[in-house]
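Dear colleague,

Please find the structure below, together with a short account of what was found in it.

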Amino acid sequence: MVRVVFTANLQRHLPVEPLEVPGDTLREVLEAVFARHPRLRGYVLDDQGCLRRHVNIFVDGQLLRDRHGLGDSVRSGSELYVMQALSGG
Amino acid sequence: MSRGKPRRAAAKKPATPRLLVATRKGLFLLSARGQAKNKLGGGWSVARSAFLGEPVSMALHDPRDGTLYAALHLGHFGSKLHRSRDDGKTWEECAAPVYPAGATAAGRPEGPDAPPPPLEPASLEMVWSLETGAPGEPGVLWAGTIPGGLFRSPDRGNTWALNTGLWDHPQRSKWTGGGYDHAGIHSIAVHPRNPGHLTVAVSSGGVWASEDAGATWAPRTKGMRAGYVPPEQSELPEFQDPHHLVQCPASPDHLWVQHHNGIFRSGDGGRLWHEISAKPSTFGFAVAVHPQDPNTAWFVPAVADQCRVPVGGRLVVNRTHDGGRSFTALHRGLPQRHAYDLVYRHGLAIDDSGDRLAMGSTTGGLWSSADGGASWQTVSASLPPIFAVRFMS
């Protein structure tokens with residue numbers, strides 16, 4: 001199982017508690033998360049299924065590599081942080 | 001009241017004027033009646049606020065069922081749509097328009113003679129316009145989006161579908177970004193008596209009309225000109241940058257456009273446009289048309305493309321009563337010294353009577369008029385930058 005934690009900034013739009021889901025890739029993990037929280041998909045991914053430009057995901061402290069395909073590997077026990085990138089003013 | 005006599009209907013009180021103000025930092029619902037502690041100028045009060053701190057790109061009040069809609073433009077998490085069925089007391093998120101898998105849109109070109117820019121995956125960047133369907137189509141909504149999409153909802157925003165007639169039009173690939181990286185649809189006019197007749201305006205991509213409920217579309221830009229491309233291309237539809245298009249509800253063939261290059265009007269549904277001269281300037285973004293009189297329209301002039309501030313630091317509203325033959329620069333009650341307010345395309349609103357106007361600026365100024373613009377009252381000088389102002393009818 002992979003533990004997924006969401007930025008506090010997301011909570012004011014869509015409250016999501018940290019949760020544990022299965023998956024071997026980032027895509028699989030996120031799909032498992034969206035199965036529980038369907039509205040969350042549009043907050044994390046764009047219309048074409050890529051990671052939103054101003055959202056970042058860290059897997060065990062490392063920034064993801066594949067923003068389009070979300071093919072980064074994860075392992076059981078991994079911790080995944082969905083964060084907002086710094087932007088705006 | 002004596003028994004047996006039919007009860008006389010009480011005279012209907014005029015509805016309390018209400019105003020939606022969509023800003024960079026929230027949505028404000030203003031009422032002409034309200035608590036003293038929430039009072040602003042001009043007799044208006046803040047009845048409610050919502051989404052404080054969040055950019056609200058557009059708001060809509062549906063007079064058919066009273067629902068309010070607010071489009072959020074969240075910096076990190078994308079554009080979202082919310083609705084309220086209780087006058088803004090509570091809000092729920094509904095569906096936002098979503099581009100179908102594989103949809104693409106052209107990026108920004110290097111210049112008029114440069115090769116076409118590569119196509120980029122299309123994803124909702126912003127809900128730029130939001131309109132109700134015709135009076136006889138309850139629940140139907142239209143949304144104009146960046147990049148270049150026209151979406152229809154048949155069910156009050158529960159679901160949306162991209163209008164493929166316009167999206168798949170070969171000329172759509174020639175649309176380019178105006179103020180944003182991608183082209184967008186900011187004006188949607190639904191013919192009040194013929195819901196299948198739609199007119200939209202695109203920055204930058206011209207004016208388009210459909211008379212078969214959106215199945216097929218044709219450009220309607222004849223008579224317009226673009227001064228920012230080589231002369232031989234200046235009349236091409238895709239280079240026209242209408243900043244805003246409005247339709248006279250009582251006379252729907254009469255359209256007005258505040259274009260990047262000036263003011264244009266049409267009396268035949270956009271088949272032919274006539275350029276209008278006006279002082280102090282014909283540059284600007286906003287236009288409003290009188291709901292009953294197609295010859296009366298208002299504009300908010302700025303110096304020029306390269307200097308988007310009021311001429312001479314004096315904020316005026318330019319009004320014509322004669323179809324654009326003459327204009328009066330109305331200024332009573334508006335700042336006349338060192339005013340640098342710009343009024344965006346959705347920042348000038350008129351109510352159903354045609355008497356009451358409201359105007360909000362990029363520097364957070366909000367003014368209202370109850371006499372057709374002859375005089376104005378300052379509602380606030382310290383709101384967040386204002387994207388859109390609309391009366392609730």
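This is a predicted model: local features need pLDDT of at least 70, side-chain atom pairs count only at pLDDT 80 or more; totals for chains, interfaces and linings use all residues.

Residues are numbered from 1 along each chain as its sequence is written, while chains are lettered from A and ligands numbered from 1 in the order in which they are written.

Chain A has 3 helices and 5 strands (DSSP runs: H or I of at least four residues for helices, E of at least two for strands, numbered from the N terminus). Their order from the N terminus is β-α-β-α-α-β-β-β. Of the 89 residues in chain A, 26% are buried, that is, 20 or more other C-beta atoms, placed from the backbone, lie within 10 Å of the residue's own.

In the contact between the chains, 17 residues come from chain A and 14 residues from chain B; two residues are in contact if their C-beta atoms, placed from the backbone, lie within 7 Å. On the chain A side, helix H1 (8-11) and helix H3 (41-44) each supply at least two residues.

In helix H2 (residues 26-36) of chain A, the buried residues are A:Leu26, A:Val29, A:Leu30 and A:Val33. They lie on the same side of H2(A), because they cover an arc of only 95° around the axis, judged by the directions from the helix axis to the C-beta atoms. Their cover includes strands E1 (2-6) and E2 (19-21) of chain A.

Yours sincerely

Conventions:
A residue is buried if 20 or more other C-beta atoms lie within 10 Å of its own, exposed if 12 or fewer, and partly exposed in between; C-beta atoms are placed from the backbone.
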